[in-house]
Amino acid sequence: FLTPRDLRQQDLQGRTLQVSVVNNWPFFGVTRDEGGNLVPDSGIDVSVVRALEQAMNFSVEVVSPSDGQWGSPLSDGSVTGMIGMVARQEAHMAIDEITITVARATVVDFCSPYYFESSTVLSSAPA
């Protein structure tokens, strides 16, 4: 795992990175500025990006896939959504409650998970 010291050693010298997201509050909420550009608003992953910006000395330009999807590889070899934008190098990274799947991992690299969500299924008790 990277420590804060490790991150500070990764000085990106003020570069602007394109970050692909879909509007998905409470993870990554976006609004538009006066020029129509997407702007991070609030959310868990917005906080993660802001911490990385500060630690690694970069800024972000928020971009969004035209299909508005998280994305995955298709049988014809194309890749959709945010995953496709990263795979085609149209964005440097994507962040937005993205589930790691085997199919997605064939076209992009994932960091270690930093958020875990559990789901529960309920049924009636046996009689």
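## Basis of the model

Residues are numbered from 1 along each chain as its sequence is written, and side-chain values use heavy atoms, with hydrogens and water left out. Because the model is predicted, local features need pLDDT of at least 70 and side-chain atom pairs count only at pLDDT 80 or more, while totals for chains, interfaces and linings use all residues.

## Strands and their pairing

Helices (H or I, at least four residues) and strands (E, at least two) are DSSP runs, numbered from the N terminus. Two strands pair if DSSP finds at least two bridges between them. Three strands form an open sheet in the order 4-1-5, with parallel pairing. Strand 4 (58-63) and strand 5 are at the edges with a single partner strand each, so one side of each has no neighbour in the sheet. Strand 1 (residues 15-20) pairs with strand 5 in the parallel sense over two bridges, and Val19 stands opposite Met93 in strand 5.

Strand 2 and strand 3 run antiparallel and are joined by four bridges. Val30 stands opposite Pro40 in strand 3. These two strands form a hairpin with five residues between them, and Gly36 in the turn has a positive phi of about 90 degrees.

## Nonpolar core

A nonpolar core is a set of buried Ala, Val, Leu, Ile, Met, Phe, Trp, Tyr and Cys residues joined through side-chain atoms within 4.5 Å. Buried means under 20% relative accessible area, exposed over 50%, and partly exposed in between (1.4 Å probe, protein chains only). The largest such core has 13 residues, and those with the most contacts inside it are Val21, Phe28, Val30, Val60, Val62 and Ile95. Strand 1, helix 2 and strand 4 are the elements that give two or more residues to this core.

Contact means heavy atoms within 4.5 Å. Leaving aside neighbours within four places in sequence, Val21 has contacts that include Phe28, Val30, Met82 and Ile95. In soluble globular proteins, nonpolar side chains tend to be buried together.

## Largest pocket

On a 1 Å grid over the protein atoms alone, a pocket is an open set of points where a 1.4 Å probe fits, with protein on both sides within 12 Å along at least five of seven lines; lining residues have an atom within 4 Å of a point. Grid points are joined across faces, edges and corners, and a volume is the space filled by probe spheres set on the points. The largest pocket has a volume of about 1200 Å³. It is lined by 36 residues, of which Ile95, Phe110, Cys111, Ser112 and Tyr114 are the closest to its centre.

Helix 2 (44-56), helix 3 (81-87) and strand 5 (93-94) each supply at least two lining residues. Helix 2 gives the most, with seven residues.

## Residues in loops

Asn37 is in the loop between strand 2 (29-32) and strand 3 (38-42) and counts as partly exposed at 47% relative accessibility. Apart from residues up to four places away in sequence, Asn37 touches Thr31 and Arg32.

Pro26, in the loop between strand 1 and strand 2, is joined to Trp25 by a cis peptide bond with omega of about 25 degrees. Gln89 is not a glycine, yet has a positive phi of about 60 degrees. Gln89 lies in the loop between helix 3 and strand 5 and is exposed, with a relative accessible area of 71%.
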